[in-house]
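The sequence and structure come first.

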Protein chains: 2
Amino acid sequence: MPRVFNFSPGPATLPEAVLRQAADEMMDWHGSGMSVMEMSHRGKEFIAIHAEAEATLRELMGIPSGYKVLFMQGGAIGENAIVPMNLIGTNGKADYVVTGDWSKKSAKEAKTYGTVNIAANGEPSKFTAIPKQSEWKLDPAASYVHICSNETIGGVEFHWTPDTGSVPLVADMSSNILSRPIDVGKYGLIYAGAQKNMGPSGVTVVIVRDDLLGHALPVTPSAFNYQTQAEADSMYNTPPTYSIYIAGLVYKHVKANGGLAAMEEHNQAKARVLYDYLDASSFYSNPVAKEDRSLMNVPFKLKDDSLDEAFLKGAQAKGMIQLKGHRSVGGMRASIYNAMSMEGVKALVAYMQEFEKQHA
Amino acid sequence: MPRVFNFSPGPATLPEAVLRQAADEMMDWHGSGMSVMEMSHRGKEFIAIHAEAEATLRELMGIPSGYKVLFMQGGAIGENAIVPMNLIGTNGKADYVVTGDWSKKSAKEAKTYGTVNIAANGEPSKFTAIPKQSEWKLDPAASYVHICSNETIGGVEFHWTPDTGSVPLVADMSSNILSRPIDVGKYGLIYAGAQKNMGPSGVTVVIVRDDLLGHALPVTPSAFNYQTQAEADSMYNTPPTYSIYIAGLVYKHVKANGGLAAMEEHNQAKARVLYDYLDASSFYSNPVAKEDRSLMNVPFKLKDDSLDEAFLKGAQAKGMIQLKGHRSVGGMRASIYNAMSMEGVKALVAYMQEFEKQHA
């Protein structure tokens, strides 16, 4: 079957060239006589794969030398506990900015490990807008301030970087990392599950400023202690080797395609096609404040939700899948990460137009 | 390059047929138009892959219905904390049987979460024998008794199942799961990182008896709470989807090749070839008590360790890799898991004979 247009929020579509290379190298990586999956993580082959993945990520994101890059396990939901376990110990309290279901979940889990202050909460707007920083009630003595830079369910995204002064800014970037250039130096810690813009699920990237290491609570499992992993170059336990290899291929692919500036242009262009159509239509709607709209996840509703099933069925018949919205929001959602092509977005809009014509 | 004979302790060699199928299906799984890596874990395709992996594992191991099978992240070192976090809460104390570096590490980490009683310790024998159960000092009020069923570094293996009465037996089976039939009903909990006998690193299988769920300490991260994961069918967080897919292919491969009884026969035959030669030789030696020798990891030393480098170099030249022993033991180690062929073991012994002839 030809490749579908996969609008899944994650795990998500990957660059075809990366998959092809992985298939080609499956039986024998670079003349080693082994699959990457079979390599000892202590062997020279995998050490080279790991080092190249990290170096390419550092180059793409411009990660300064005072930051460690860790490849860990447990995903962003794991990090909901791992972050406070490692960081909240300095002052015992942290600020959380709640902009959607994901940051809400992060804040809830953190309460197990210290005092959580909800510095701002977008829930009154039903998470359709990101509270302005002027409304945030930050605690200058907090161990850190946590944000989720892109909410996959509500479809809001930070298009600006909060200023938290000397309090470290921590961001869950699972769903928009590598989608545009950012200034890593403005963050204390960035974490991201790989399964949207970086590769397969099962590997979590953690970018952490050196001074934030070494404050873990005693209950922190060794495998999830940032300092322990930093000292062991992410090999305190056996890392998810194959997932790191694929992430490394994705990094190289992004670099070969112009890096993060090119990704930003590509993502803006795709999102514009979709939002412009939604705004011009009275059949479809997106509830998010224009300045906070996500370039990665575009939720939208049909005028009449009794047409939802027919819409999804028609899309599937045209090879467009995973468009159903999250159950907490309903309607539709198109996730259009880096690896989604403009062709895919245009095909979706063409189908939406056709469907509108038939049912308006 | 032709496939090497890969004696790595893990990640380790995988069945060639599994790798070939993975390569063939990389671009398009069963006409879905997607790679398995790209599938939403909530989509019908991955749900089917996940269900089949679990069903095949249940069939292979004869897992009774009163047990949950979880696919988690963090590996066995992660479980060193996750097990006590989930289980020690019932009585606040646990028995650990220390038979090598891995169980020693498990016992050390558990101390963070409760009182640890070292019920038996093989360290006085330099971990060359498993203490007889008659010597164990078990606490009848312990929350559980922990063993490591096979120690990859020292090369000792339990060839019998401890009787712990009504106290649940917990086993780290990372390095010998699926190598022979076992009676799951004798265990309260079994865990295993996949990267020896089951697939790529990055997925941990946990088999847990239903009555052991629901006792997690409050500090347990949600993503690592067995009950939370059991209720969500291992999808409380995004599971390591591709690793589960490969593990499922390995399960089917083991089943197609006769199941665990056939694996046991195959593993005994391979180990016999190697141990028989070691015992007959005065040039090589293995220090482990015969009744406790591992069928999976065979450490051995050359009479003169100044020959180690030459031995490894010669092996590499013949396509036999990862034979260097663990740094804490020195010498050599041949890991001969399910996927290592008799041909590979015979090639190793032939090389050892040749090397002995040249250097004796």
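## Strand pairing, domain interface and a buried arginine

Within β10(A), Ile207(A) is the bridge partner of Ile190(A). The model is a predicted one.

Chain A is split into domain 1, made of 7-15 and 258-358, and domain 2, made of 17-257. Their C-alpha centres are 26 Å apart. At the interface, 33 residues of domain 1 of chain A contact 36 residues of domain 2 of chain A. The two domains bury about 2700 Å² between them, with 57% of this area on carbon and sulfur atoms. Three residues, Pro15(A), Leu260(A) and Asp292(A), supply 27% of the area that domain 1 buries against domain 2, more than any other three residues.

The rule finds 1 salt bridge across this interface. Polar contacts between the two domains number 21 residue pairs, both residues at pLDDT 80 or more. On the domain 1 side that touches domain 2, α7(A) (259-280) and β12(A) (297-302) each supply at least two residues. The largest share of that side, 8 residues, comes from α7(A).

**Arg293(A).** This residue sits in the loop between β11(A) (284-285) and β12(A). Is Arg293(A) buried or exposed? Its relative accessibility is 9%, and the cut-off for buried is under 20%, so Arg293(A) counts as buried. Beyond its neighbours within four places in sequence, Arg293(A) is in contact with Gly155(A), Glu157(A), His159(A), Tyr275(A), Asp279(A), Asn286(A) and Val288(A). Its side chain makes polar contacts with the side chains of Asp279(A) and Asn286(A).

| Residue pair | Interaction | Distance |
|---|---|---|
| Arg293(A) and Asp279(A) | polar contact, side chains | 2.9 Å |
| Arg293(A) and Asn286(A) | polar contact, side chains | 3.2 Å |
| Lys132(A) and Glu291(A) | salt bridge, closest N and O atoms | 3.8 Å |

Technical notes
Residues are numbered from 1 along each chain as its sequence is written. Chains are lettered from A and ligands numbered from 1 in the order in which they are written. This is a predicted model: local features need pLDDT of at least 70, side-chain atom pairs count only at pLDDT 80 or more; totals for chains, interfaces and linings use all residues. Side-chain values use heavy atoms; hydrogens and water are left out. Two strands pair if DSSP finds at least two bridges between them. Helices (H or I, at least four residues) and strands (E, at least two) are DSSP runs, numbered from the N terminus. Domain bounds come from an automatic or database domain assignment. Contact means heavy atoms within 4.5 Å. Buried area is the accessible area (1.4 Å probe) that two parts lose on being put together, summed over both. A salt bridge is a side-chain nitrogen of Lys or Arg within 4 Å of a carboxyl oxygen of Asp or Glu. A polar contact is a pair of N or O atoms within 3.5 Å; within protein, one must be able to donate a hydrogen and the other to accept it, and residues adjacent in sequence count only if both atoms are side-chain atoms. Buried means under 20% relative accessible area, exposed over 50%, partly exposed in between (1.4 Å probe, protein chains only).
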